[in-house]
Amino acid sequence: MYHKELTDFPKDFLWGSASAAYQVEGAYQQDGKGKSVWDDFVKLPGKTFKGSNGEVAVDHYHRYKEDVALMAEQGLKTYRFSIAWSRILPEGRGEINQKGLDFYSNLIDELLRYGIEPMVTIYHWDLPQNLQDLYGGWESREIIKDFTDYAKILFDNFSDRMKYWVSINEQNVFIMHGYMLASHPPAVNDPKRMYAANHIVNLANASVTKLFKEGNYQGMIGPSFAYAPAYALDCLPENVIATENVNDSFAYFWMDIYRYGRYPKVAFRALEKAGIAPIIEEGDMALLAHSTPDFMGVNYYQSMTVAANPLDGVSMSGEANYSGEKGKTKEQGMPGMYKMVANPHLETTNWDWTIDPTGLRVCLRRISSRYDLPIIITENGLGDFDTLEENNEVHDENRIAYLNNHCLAVQEAISDGVEVLGYCTWSFTDLLSWLNGYQKRYGFVYIDRNEVEEKELTRYKKASFYWYQNVINSNGQTLHNHK
């Protein structure tokens, strides 16, 4: 729909930015921290761009005060960060590492000192290696108790100072990349194991949500879902059915569980016919049905366009564009279900991700209508090559245009009637982009390092830093100056 005038952003709108522990902290063996599954995985040949790793990352562990001061200068209302499980519990269970608790407690206090709302992600992919070795990590139901015990430590120590908790980040991504595409730990290619592990993650997420609510901790809790809304390539009915397949198996398969505690019937039936459906034990569905989140977190980067895919069609290869050489991505899909194809109407980034601000509005509309929950946009951003120029300036006009247009899409969704609580860019500083190294930059703050040289890790404010500062100060009014 078109609006004669857009509704203003709410006065208490949470303009924020985000990060993840492994991607920014560094200090990977310091102050009692245990090993995570990523510490060994990145050493496998060919898994990451130029063998990059998070051992130092951007050294946020030692420079958090400097980083928070920059956030305050920019005017952030919230900062979303994750807690490294193995920094709190080096073995994933058992003895608590007090120095780890102290670091996050100090970070929370530093944020509050500047009036910045802390938003904590309990799990952002860095599973303690010991739990992977001990019982196979997410493939064992033992992890449900361990994850819940870990979350309780965080709730007991930090919830008196916090209002927003993200339980699990992008479950769909770490499950698919870890157990189907073998491009994340534990580097498995087995759909049956993937769906089994995914069901256990659902139970662990529900257990933590239940604990939070029954423990009467203050604030709100919800998962963060990586949503790429699907469009049919055209009105050919077979392509529309393929799009329905994607919606059920790529989106609703996770979000229906979070909100209603049930799997979409068509998607689950397809898994049963293929012999890869997870085992549902007594009590599972009751737990899932009674652990409704307070909000839906959405990480949005791109939409996808879908076409029919015959039984002998293309499959998921696990290959992707991790180099930034535009045009390297190939068609992939699930035989008999769907394939992902290029959208003829959209431009793409250097990493072949579609640039589609309206897709974010689509996400917000669909989530609001189907789940009737408030929404926090927990990630949205542009990964791009940035150049440090004369006078240490970075002119990232592409990022400004990208973010500005996506923020306008958020305002359009709010005008449509969607309840949006906040918007977190990815990311505040440049960081390690998991498989893409340090060349794929997302931040408002340039970090002077690359894959082979840590240099001095000096922070430089980009042009986008000042653009977002103005957006926040005006509560979104300046967005219309950049159309």
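Reply: What follows goes through the aromatic pairs, then a cluster, and then the charged groups over rings. The model is a predicted one, and a search of the whole structure finds 39 aromatic pairs in it. One of these joins Y79 and F81, whose rings are stacked, with 5.6 Å from centre to centre and 25 degrees between the planes. Y79 counts as buried because its relative accessibility is 2%, and F81 is likewise classed as buried, at 2% relative accessibility.

The rings of F250 and Y338 have their centres 5.4 Å apart, and because their planes stand at 75 degrees, where over 60 counts as edge-to-face, this pair is edge-to-face. F250 belongs to helix α10 (residues 237–260), while Y338 belongs to strand β10 (residues 338–341), so the pair ties together parts that are 88 residues apart in sequence. Both partners are again on the buried side of the cut-off, which lies at under 20% relative accessible area: F250 has a relative accessible area of 16%, and Y338 has one of 3%.

Beyond these pairs, one aromatic cluster is formed by F9, F13, W15, Y423, F444, W467 and Y468.

Turning to charged groups, R370 lies over the face of Y252, at 3.6 Å from the ring centre, and the ring of Y446 has the charged end of R441 over it, 4.0 Å from the centre of that ring.

Conventions: Residues numbered from 1 in each chain as written. Predicted model: local features only at pLDDT ≥ 70, side-chain atom pairs only at ≥ 80, totals over all residues. Heavy atoms only, no water. Phe/Tyr/Trp six-rings, centres within 6.5 Å; stacked < 30°, edge-to-face > 60°. Buried < 20%, exposed > 50% of the residue type's maximum accessible area, 1.4 Å probe, protein only. Helix = DSSP H or I, 4+ residues; strand = E, 2+ residues; numbered from the N terminus. Lys NZ or Arg CZ within 6 Å of the ring centre and 35° of its normal.
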